[in-house]
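Okay, thanks for coming, everyone. Let me put the model up and then talk through some charged contacts and a metal site.

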Amino acid sequence: MTDIAALSGSVEHWKGDALLVLAGEEDCEKCDVPSPYGEYVRALAQRGDFEGKKGSLVRVPLFEGGVKNLYAAGLGKAGECTPAALRDALTAALRKIGRERNRSVLALIGAAGPETDVILGEAVGLCGYVFDKYKKKEKEDSFVLERVFAKGINAEKTSLGLAFADAQCFARDLSNEPGNVINPLTLADAAARLAKESGLTCEVWDEERLERERMGALLAVGRGSRTPPRLIHLAYVPEEAPKGAPRKKAVLVGKGLTFDSGGLDLKTPDFMKTMKGDKSAACGVLGVLKGVAALKPRTEVHGIVPAAENMPDGGAFRPDDIIRARNGKTIEVDNTDAEGRLVLADALSLASGMKPDVLIEMSTLTGACAVALGNWTAGLFTKDEGLCQALLDAAGRRGERLWRLPMDDERIGETLKSKFADLVNGASRYGGAVFAAMFLNEFVEKGVSWAHIDIAGADFMKEESGVYTQGASAWGVRTCLDYVLSL
Ligand code: BES
Ligand code: MN
Ligand code: ZN
């Protein structure tokens, strides 16, 4: 784990492995890096080796003085030099620095803003992330960065950033585990362990309890698996009652399909691969709770995870089955691969019964959302304008791309109806993400302020870039945590 230290003394006298300069295109010529390093950067600029272009990163070995390597990372044109670009550039640079055998670095961050120290904390916490526990360690790739020094930093802000990153890395680790390791039972164990270590409460409902609680949809989805479904409930209840304003209650729900084969409507190989990631929203919710336990906001926060494995089997639920969800509504199964909305139906009716001030549900729900928005952007669905703006703002602060999609399409709403039951779980391919969001809305009690975030696509990265490494991204952990802290 890499940590952060404030620079004591001057840049010229600092001794260590690497020095990192971040500069934009416009000011890199005159960028005020103290001698002798400023001269190197200006020489690089004059030779055209470093122009400050977005995404550029160069290394110059130094043969005298107290520093071995100088790195220069570009932030682009003035308009491109956003906090999100800074976070990405800083994380990528620190990642490379750590892989190139540097144990210490002094980071000179040019573009300063009020969020810079939080961003530095996030970048330091994310730069060394790798899921390699099942690999023999390859020397070239191992990461050795131990300490990042920076000038005049605010420790409270950098540790907030580190906490954001820690919550996200926890979620990534869990989400990257394959289906033969994480199933509904071991996911519940992981939640219980987290609760014990961080002072949260954890309750897990087994099949018997789920029957008693009338969670027929979650039970139906789990029926084809050797491992039975579970409902996980983590809670953070702040000790002191705040003076004045009553304490708010936020409930987060995360889809926890530990593997989604599609069930009897089996997926084809191309689509089945990566479906270990169908639990990433659940892992994200656990990550948010970990962050909440560390940062101790005034808000009461609950995490609800319906966990199941969707498998084909003699006992599996089938197309045409009519199942009854917790709120009494019946659902005709059109497609067993539209299982997420079923487990969420029960979880949302449970969550909205807890009378939250706000309810946020995340899920890898529809391929249609990934088709609409691509692999880097999640879809936001809510009828509450205030909540919509607050979530977009939180995502903006944390640099996670979030885009609003509608859930008031009356004609799609018509297609929710079934001939034989109250609702049907699938429909036309067109507007699939909107249909799914409107389906979920049928299970939230009227009057509850709620939002659905579809992270299908954004939850899993094919390539390393900026804050992301290959595999689970744990998209939404920092956004939801930031939102909860803002309440
Ligand atoms: N877990 C999938 C959605 C998904 C797709 C997540 C791609 C991540 C990447 C979900 O359970 C699913 O299979 N949805 C179907 C719904 C359809 C059958 C109505 C889909 O999107 O194809
Ligand atoms: Mn599915
Ligand atoms: Zn799924």
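So, E122 and R87 make a salt bridge, with the closest N and O atoms 2.9 Å apart; by salt bridge I mean a Lys or Arg side-chain nitrogen within 4 Å of an Asp or Glu carboxyl oxygen. That pair links distant parts of the chain: E122 is in helix α3 (residues 116-127) and R87 in helix α2 (residues 83-99), 35 residues apart. Helices here are DSSP runs of H or I with at least four residues, strands are E runs of at least two, both numbered from the N terminus. E122 is buried at 0% relative accessibility, and R87 is buried at 2%. Buried is under 20% relative accessible area, exposed is over 50%, partly exposed is in between, with a 1.4 Å probe and protein chains only.

This is a predicted model, where local features need pLDDT of at least 70, side-chain atom pairs need 80 or more, and totals for chains, interfaces and linings use all residues. Residues are numbered from 1 along each chain as written, chains are lettered from A and ligands numbered from 1 in written order, and side-chain values use heavy atoms, without hydrogens or water.

R87 and E122 also sit in a salt-bridge network whose members include E115, R397 and D482. The whole structure has 33 salt bridges.

Now the metal. D260, D337 and E339 coordinate the manganese ion (ligand 2) at 2.1 to 2.2 Å; donors are N, O and S atoms within 2.8 Å of the metal (3.2 Å for Na, K and Ca), and with water not among the atoms, sites may look incomplete. D260 also bridges to the zinc ion (ligand 3), 3.2 Å from the manganese ion.
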